[in-house]
Structure formats: C-alpha cells, structure tokens
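Please look over the fold shown here.

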Amino acid sequence: MDEQDVYISMDKPDLYNLGCAPLTVLAAKQVDELWSVLTWPRQPLPVLDVGCGPGDVARKVLAPRLPPGTKLVACDISPEMLEFCRQHNALPGTITYEQLDVVQPDLENSAVWQYAPFGKVFCLLLLHWVPDNRRAVQNIHKLLVPGGEVVFSVIANMVFYTAFEEMAKDSRWARYMQDVEQFVSPYQHSEDPVSDFRRLLQSEGYQVLHCDVAPQVLFFPSEMQRRDFIKSVCPFLNRVPEDQKNNFLDDWIQRSEKLNGLSKDVGSSEKPKYYTHFNIMVAVARKL
Ligand SMILES: C[S@@+](CC[C@H](N)C(=O)[O-])C[C@H]1O[C@@H](n2cnc3c(N)ncnc32)[C@H](O)[C@@H]1O
C-alpha cells in the first residue's frame, strides 16, 4: 500500500455534496455559537478554511459572516474536491481555492503560504482524517499571525470506526484494510478527548479558549441519500473490487446499525427518517 492510498480519502465530491447539507447546517450552527469567542481587528487579515471539501461551508457559511473585504482562502488535499469547489462554489474577489495537505512538510512552498499570515483558520471536520494531528496543528500555527485564532471540529468517536476495526479482522476485507488505524479518528479510543486535544494545542503554542465534546445526530431524508453520503466518506471503497463494493458497504452499514450508530425512526409519519450518530469535539484556540 503506498502513501497515495492514504490521500485518496475523499475523491467523490458529487456524492459527498449530495449528502453534506446536514453537515453544512451543523457547521453554521457551530460557527454561530463560537463567533463571539473570536476577535476581529479593524483591518482583518485573510481567513483560511482548511480541508474545505466541496466548498459549501466556505461559500455559504464563512464568506457571508466575514467582515466586508476579508479574503478567504479555502484549501483541500483533494484535486477532485478543488475542481468541484471552483465549478460550484466560486465567489470571485472573495474566495480563492488552493491545494494544501495540512501536514505537508514544505509548507513554505505551498500555494497557500503566499497569503499567510492568516488572522483566522477554520479547520472543520478535518482532523479525524489526519493521523498526525500534531503536525497539522503545528502547520496551522505557522500559518496564523500571533494572536490569530483557529476553530476546530473533529469527530471524536463514531461507531463507523468501530465497524471498520471489526471489518479489518474479517477475512473478506482484511487485505484492503491493513492500515485501518490511519482512517480512524485519533481520539476514537481516548477516554478523555477534550483533555488530550487541549494538551496537544497547549504544547504547540496555543491558548485554548474553548473545547468540548457533544453527541450529534445527522438526519437524512432517505436511506439512499444516507447510503450515498456514507459511500462518499468511505476511504476503503476504491480498493475493493467493483463486484464486492456493495457487499462491503452493506456490511459496514449493518455493523454500524448493530452498534447503534445508524438508526431509522418510522414514527407516526409515513416516511421513515434516517439518522447517523457521532460525538464531535469543537475547539477554539489562539496562537500565543
Ligand atoms: C469531511 S470533509 C469536510 C469538509 C468541510 N470542511 C466541511 O466541514 O463540510 C474533509 C475534507 O478534508 C480533506 N482532507 C483530508 N485529508 C486532508 C489533508 N491532509 N489536508 C487537507 N485536506 C484534507 C478531504 O479531502 C475532505 O475534502
């Protein structure tokens, strides 16, 4: 398995975008709740959205809330995501989309570096994709101006990951999942993710202004929509042969249902509702 495999994690922007509306709503709610913790100088520096995915959060959540005239640089590791951003979420004069691997060692040679220092960084739903969280927070620290602030949201734990760990031991799937721990949130087995993340940030030169973890539920109007979304965030699917992809997905979904991470509410209405459950950690930190 070469390094490239690790980075093809989210290369289905169309599918992800079809299902990501609930995550955009969640991001808007989180950003609104934390907005008062942030400070905005009179001449705002550029703002960075790192791991921007299809660009919905950049265009629909961040851009409308920023002080007028603020430049927003949105970046992602995935060329497919960036192409989708430029086609569907362009905002000329405000947003620039650039490629960045948040853990890349030669940060100074990246396209994003030319816009630094940033006054704010939004790092939403990214760090559970990144095994080396220390390197990521170090790079974000380098990109920020002293006193600049960063907002993180991270999936702390989720039964999807437990299901992956089970499947990695199943002889049908083991050969595709030897590096399963690279795709499990670094906080999945932590007894106290908030303390772990706080300690990491403090040791890398941040003052932690806020950090908590809370259960979240995402609602999908149909089973198909939930399945497509799940498909778009499944890092192993590209490795599974075409004729086994559906079995792989079914197995992942059934295991997640058994572990109570996916649920269906038939309720009183005709149409059942489909839910996905996880714990999400949210933090705000300032560069010292
Ligand atoms: C779940 S999406 C989050 C999108 C958006 N931030 C949101 O909140 O809706 C995670 C994104 O992180 C990107 N990503 C994964 N690893 C990355 C890395 N090392 N550097 C930058 N982006 C990365 C993926 O390509 C994907 O687009």
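In which strand is Val 150 found? Val 150 is found in strand E5. The model is a predicted one.

Val 150 has a relative accessibility of 0%. Buried means under 20%, so Val 150 counts as buried. Leaving aside neighbours within four places in sequence, Val 150 is in contact with Val 121, Ile 140, Leu 144, Tyr 206, Ala 283, Val 284 and Ala 285. Val 150 and Lys 287 are 137 residues apart along the chain. Their C-alpha atoms are separated by 8.2 Å.

Phe 197 belongs to helix H8. Phe 197 is also buried, with a relative accessible area of 0%. Beyond residues up to four places away in sequence, Phe 197 touches Leu 127, Asn 133, Val 137, Phe 152, Tyr 187, Cys 211, Met 281 and Ala 283. Phe 197 and Arg 286 lie 89 residues apart in sequence, and 14 Å separates them in space, C-alpha to C-alpha.

Helix H6 covers residues 133–143. Which residues of H6 are buried? They are Asn 133, Ala 136, Val 137, Asn 139, Ile 140, His 141 and Leu 143. What do these buried residues pack against? Their partners are strand E1 (47–50), strand E4 (118–124), strand E5 (144–157), helix H8 (193–203), strand E6 (206–220) and strand E8 (273–287).

**Two helix pairs**

Two packed helices are described by the angle between their axes and the distance between the axes. The table gives both values for two pairs.

| Helix pair | Angle between axes | Distance between axes |
|---|---|---|
| H3 (residues 21–34) and H4 (residues 56–65) | about 25 degrees | 10 Å |
| H6 and H8 | roughly 45 degrees | within 10 Å |

Take H3 and H4, which pack at an angle of about 25 degrees. That makes H3 roughly parallel to H4; the cut-off for this class is under 35 degrees. H3 passes H4 in a right-handed crossing. On the H3 side, the residues that meet H4 are Thr 24, Ala 27, Ala 28, Val 31 and Asp 32. H4 contributes Asp 56, Val 57, Val 61, Leu 62 and Arg 65. The residues of this contact of H3 with H4 comprise 6 nonpolar, 1 polar and 3 charged.

Now take H6 and H8, whose axes cross at roughly 45 degrees. H6 and H8 are therefore oblique to each other. Their crossing is right-handed. From H6, the contact uses Asn 133, Arg 134 and Val 137. From H8, it uses Phe 197, Leu 200, Leu 201 and Ser 203. The residues of the contact of H6 with H8 are 4 nonpolar, 2 polar and 1 charged.

**Backbone exceptions and exposed sites**

Most residues other than glycine have a negative phi, and most peptide bonds are trans. Where does the chain depart from this?

The peptide bond from Ala 116 to Pro 117 is cis, with omega near 5 degrees. Pro 117 sits in the loop between strand E3 (95–99) and E4.

Leu 125 has a positive phi of about 55 degrees, although it is not a glycine. Leu 125 is placed in the loop between E4 and H6.

Asn 260 is not a glycine either, and its phi is positive, near 65 degrees. Asn 260 is found in the loop between helix H10 (245–258) and strand E7 (262–265). Is Asn 260 buried or exposed? At 61% relative accessibility, Asn 260 counts as exposed.

Lys 258 is in helix H10. Lys 258 is exposed too, with a relative accessible area of 75%. Lys 258 and Ala 163 are 95 residues apart along the chain, and 9.4 Å separates their C-alpha atoms.

**The whole chain**

How many helices and strands does the protein have? It has 10 helices and 8 strands. The radius of gyration is 19 Å, close to the 19 Å that the globule rule gives for 288 residues, so the protein is as compact as a globular protein of that length. The C-alpha trace spans about 55 × 45 × 40 Å along its principal axes. Of the 288 residues, 53% count as buried. Among contacts with a separation of 6 or more, 77% join residues 24 or more positions apart.

Key
Residues are numbered from 1 along each chain as its sequence is written. This is a predicted model: local features need pLDDT of at least 70, side-chain atom pairs count only at pLDDT 80 or more; totals for chains, interfaces and linings use all residues. Side-chain values use heavy atoms; hydrogens and water are left out. Axes are lines fitted to C-alpha atoms, for helices over the stretch in contact, and angles run from 0 to 180 degrees between N-to-C directions. Helices (H or I, at least four residues) and strands (E, at least two) are DSSP runs, numbered from the N terminus. Angles under 35 degrees count as roughly parallel, over 145 as roughly antiparallel, 65 to 115 as roughly perpendicular and the rest as oblique. A crossing is left-handed if the near helix is turned anticlockwise from the far one by less than a right angle, and right-handed if clockwise. Contact means heavy atoms within 4.5 Å. Ala, Val, Leu, Ile, Met, Phe, Trp, Tyr, Cys and Pro count as nonpolar, Asp, Glu, Lys and Arg as charged, and the others, Gly among them, as polar. Buried means under 20% relative accessible area, exposed over 50%, partly exposed in between (1.4 Å probe, protein chains only). The radius of gyration is taken over C-alpha atoms; the globule rule is 2.2 Å times the number of residues to the power 0.38.
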